[in-house]
Amino acid sequence: MLTILFDGIAYGMLLFVVACGLAVTLGLMNFVNLAHGAFAMAGGYITVILVNRLGLPFLASLPLAFVLTAAIGVVLERTLYVHVYARTHLEQVLFTIGLVFMSVAAVDYVMGSQQQFVSIPSYLQGQINLFGIGIGRYRLLIIVICGLLTIALQFSLAKTRFGSRLRAAVDDARVARGLGINVNAVFAVTFAVGSGLAGLGGALGAEIIGLDPNFPLKFMIYFLIVVTVGGTSSITGPFIASLVLGIGDVFGKYYVPQFGAFIIYIIMIVVLIWRPQGLFSRAVAK
Amino acid sequence: MSVTGQHSDLAPLVERGRASFAARARWNVLEVAFWLAALATVFLLPSKHLILTEIAILALFALSLDLILGYAGIVSLGHAAFFGFGAYVAGILAKYGIIKEPVLALLASGIAAAGLGFVTSFLVLRGSDLTRLMVTLGVALVLREIANQLEITGGADGLQGVVMEPVLGHFAFDIFGKTAYVYSLIVLFVLFVIARRIVNSPFGLSLRSVRGNSLRASAIGIHVNGRLVAVYTIAAAYAGVAGALLTQATQFASLSVLDFERSADVMLMLIIGGTGYLYGGMIGAVLFKVVQDYLANVTPQYWHFWLGLMLVMMIMFGRVYGAIIAAAIFGICTILKLGFMHSIIFTVALVLVMGIARPHILPITAKITEHANALQRSVRARFARKGE
């Protein structure tokens, strides 16, 4: 029971790390990026290549997954995404679906359509017993890493100069520009960090949620749910939503496997009906 | 109209309104040519009936999306929900012998899908585009899960053993797909005519005003939510009929009718053909299927790559130029006989370059458009002079 709870927390944390980049682009920058999962997939495959083919240690490959995915993110942001920021949601959806289709087909061809596994070092396998609860070591690692990241994120958004610049740029890009904030650079950095985090999440999650070329499509809805249900005004909303979603999903799949997949969709629809305007009040006000 | 009796000064206005509706309802030459061409395919392309059937079904599906997206402005990423629902209803009706006659079963499926559309329409009434995207997507996913779990739908194996009776008791489905094609085409035509009546009616005009500015529409006395519920229900019925047609033509229904890709593809068709004039979805369906068929032959299972490229380019450079650019990139890869690996590298590099060069490319395309428009004007002027 507690082990399942623990698994759920790990899963939720993972979802949060992947989705928090989306929370910023979708929630703050008002950009519907359905291709967000593609960055997570990129991170996962980078880790697979680094660890399985090049023989790098797993822990060393994680920062690399972050950096490389962030680099991909910033290149795409500067060359492609930047043209689509001011478009309608429909156009953004089509554009990013196009990117998803391209990435799925390309990865399918290059890496093969089978599920990929990262070879986890032996010291991260197995369980440790803590107060009579079986805790997977790997999941513990996920929780520690993601927990630290969450604190760092919250701190950098709320307390640093960059955080206040970002919030200013999001609230009113024109006025922010007038105050001498380089809005484009702020958005680019934010996008890069968001993609990098997705990449890191994909790398960490390859073991738990699986990794195959259809990853961006399969998990698109999960990331969107985190952002929609969690709201966008702060980082705590998506965080709590991720945890609830992760725990709910794991519990659902464990106790009522035939209804497991429904639960999250139904939660989402209920929340959206319950607060249809409130969740996206920011987007509407713009 | 009763209005004229009480306010005689309104009479000329009413007359003008009537005349404008009559003008809208008139069929023009291109429309007639379109349907004659569709009819001609029955006789001219007998070997292509299977794919033509699929095109007709997708055209109906895209038409249904046009009703809500092009006319009411509702963005949906889960329109496959109704398509799939109709497909399964038709399959179950036939398999268990509840309604054996295909046309009646088609009606029943359409009504069932309309019911689902009516119920779920209340979910899309409020909120922004984003909320609608999520809710429609969620509804489609829930349905897919239900179809996956239930016994009656056959789960992941799909609904097998569907046997169709002859249409109207006379026209049996043949292995060449001729009956299926003619049947689908007739259904498409009939439903198109109805949709045409709907969008050219006062109701259709009020939908457009809702799409343009819903606040203002409500201010001039249009019951916005009522209109949205109505059109969503109608579109759901259309999609359900399209799905049912697919089941009847292929005698099979699988989970793929509810896939996210299906919702995305139909939106794509509509975008390729253009929204808001009914023919867009149908033209888009033809182009989409022909291109898909070709690409699936060249690079089987990776054809979505080229589709994605086209989408990205269409959004960046506009519909026409984007499609031309994407086709050009694909053409270069084919002419140079690049393997798929090299094609990916080449395409991605080119897309990034195009992204950087976009500010320089846009003025060029704008200039081309200008010249094309000028040419069109001069041609038209010459024709007009000849007419005199």
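Reply: A crossing of two helices is left-handed if the near helix is turned anticlockwise from the far one by less than a right angle, and right-handed if clockwise. Helices here are DSSP runs (H or I, at least four residues; strands are E, at least two), numbered from the N terminus. The model is predicted, so local features need pLDDT of at least 70 and side-chain atom pairs count only at pLDDT 80 or more, while totals for chains, interfaces and linings use all residues. Residues are numbered from 1 along each chain as its sequence is written, and chains are lettered from A and ligands numbered from 1 in the order in which they are written.

The part to look at is helix H4 of chain B, residues 49-71. Start with its partner H13(B), residues 279-298. The two axes come within 7 Å and cross at roughly 135 degrees (axes are lines fitted to C-alpha atoms, for helices over the stretch in contact, and angles run from 0 to 180 degrees between N-to-C directions). That angle makes H4(B) oblique to H13(B), because under 35 degrees counts as roughly parallel, over 145 as roughly antiparallel, 65 to 115 as roughly perpendicular and the rest as oblique. The crossing is right-handed.

Which residues meet there? Contact requires C-beta atoms, placed from the backbone, within 7 Å. H4(B) brings residues including Ile51(B), Glu54(B), Leu58(B), Ala62(B), Asp66(B) and Gly70(B). From H13(B) come, among them, Gly280(B), Met282(B), Val286(B), Lys289(B) and Asp293(B). By class there are 10 nonpolar, 4 polar and 4 charged residues (Ala, Val, Leu, Ile, Met, Phe, Trp, Tyr, Cys and Pro are nonpolar; Asp, Glu, Lys and Arg charged; the others, Gly among them, polar).

H4(B) supplies Leu58(B), Phe61(B), Ala62(B), Leu65(B), Asp66(B) and Leu69(B). H12(B) answers with Val266(B), Met267(B), Met269(B) and Leu270(B). This contact holds 9 nonpolar residues, no polar ones and 1 charged.

Last, the wider setting. Chain B is divided into domain 1 (13-277) and domain 2 (322-387), with bounds from an automatic or database domain assignment. Their centres, taken over C-alpha atoms, are 32 Å apart.

How values were computed
Two residues are in contact if their C-beta atoms, placed from the backbone, lie within 7 Å.
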